[in-house]
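Student: Could we go through this structure together, one question at a time? I would like to see how each answer is reached.

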Amino acid sequence: MLTSTTPDPALAPGLWDELVRLVRGGDVCVLTGAGISTESGIPAYRGADGERRVTPMTVSELLRSPAARQRYWARAYTGWPRFAAAEPNDGHRAVARLQDLGLVGAVITQNVDGLHQQAGARDVTELHGSLSYVVCADCGERYAREVVDEWLAGANPHFDREISGQVRPDGDVVLTDEQVAGFRIAACVVCRSDRLKPDVVMFGESVVRPVVDACFEAVDRSRALLVLGSSLMVMSGYRFARHAAREGIPVAAITHGVTRADDLIDVKVDAPLGPTMRRLVEAVAA
């Protein structure tokens with residue numbers, strides 16, 4: 001594996017030229033993780049060492065416990081305005097530009113923020129769903145997040161959602177028990193169940209098979225796989241790097257720290273994603 005941990009990948013002999021060559025060859029499938037959105041103000045689950053820093057609520061806890069739903073939705077309601085205000089950064093825009101240049105085809109993202117689409121990317125598969133929607137766990141009715149946000153605002157007119165606190169990777173903010181107490185959750189207008197959940201793959205759930213199969217097909221159609229901002233520590237993303245390596249498809253990565261697929265990656269750049277992607281677009285477009 002060619003690798004660089006310098007802020008300037010051009011300083012590593014052969015590394016930058018190899019990365020540019022892979023992308024300039026076209027038919028690149030892009031796989032992105034939380035690291036591509038950190039420059040937009042959305043934190044990642046893991047640090048550079050690959051260790052998880054945030055443990056989200058599991059789907060079983062959310063659906064089993066009314067108290068857990070109250071806690072989840074109070075935190076999500078508080079964080080949603082800040083999460084929804086996040087804008088695409090240079091990394092997202094670079095991916096869209098590489099598509100415009102005809103070099104990148106499908107984009108597989110592990111993120112739930114919709115920033116690739118906002119940046120103009122096409123053919124984006126949201127592996128873990130989208131926080132822009134909410135689904136009823138009992139009848140399956142699906143709602144835009146803005147609609148549910150209006151319900152929560154109407155049910156909690158005196159709740160202070162301007163509480164300071166770091167927005168977490170899933171868009172929520174940590175609150176104390178006192179801050180959560182008294183928060184009223186919303187109910188599905190079709191079946192009246194209050195078992196609403198974000199339309200994402202929560203911890204304890206699996207990505208549905210048709211989505212996984214579509215991603216495998218996207219990798220198979222590609223000449224190279226470019227991983228951006230992902231440690232690949234969870235199987236949902238790691239399996240595509242492993243599959244590419246098995247099929248003889250070169251794997252390149254621009255990400256901070258260790259990845260689970262370090263032994264499979266052909267070219268790895270450990271550098272700030274936004275500036276590096278800007279340089280990459282300039283290089284392949286020259």
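Student: Is Glu61 buried, partly exposed or exposed?

Tutor: This is a predicted model, in which local features need pLDDT of at least 70, side-chain atom pairs count only at pLDDT 80 or more, and totals for chains, interfaces and linings use all residues. Residues are numbered from 1 along each chain as its sequence is written, and side-chain values use heavy atoms, with hydrogens and water left out. Buried means under 20% relative accessible area, exposed means over 50%, and partly exposed lies in between, for a 1.4 Å probe and protein chains only. Glu61 has a relative accessibility of 25%, so the residue counts as partly exposed.

Student: Which residue forms a salt bridge with Glu61?

Tutor: A salt bridge is a side-chain nitrogen of Lys or Arg within 4 Å of a carboxyl oxygen of Asp or Glu. The closest N and O atoms of the pair are 2.7 Å apart, and the partner is itself partly exposed, with a relative accessible area of 23%. That partner of Glu61 is Arg71.

Student: How many residues apart in sequence are the parts that Arg71 and Glu61 tie together?

Tutor: Helices (H or I, at least four residues) and strands (E, at least two) are DSSP runs, numbered from the N terminus. Arg71 lies in helix H3 (residues 66-84), whereas Glu61 lies in helix H2 (residues 59-64).

Student: What separates Arg93 and Asp90 along helix H4?

Tutor: The side chains of Arg93 and Asp90 meet in a salt bridge, at 2.8 Å from N to O. Both residues belong to helix H4 (residues 90-100), where they are three residues apart. Because of this spacing, what separates them is about one helical turn.

Student: Which residue is linked with Asp90 and Arg93 in a network of salt bridges?

Tutor: Arg93 is partly exposed at 42% relative accessibility, and Asp90 is partly exposed at 23%. The network links these two with another residue, Arg278.
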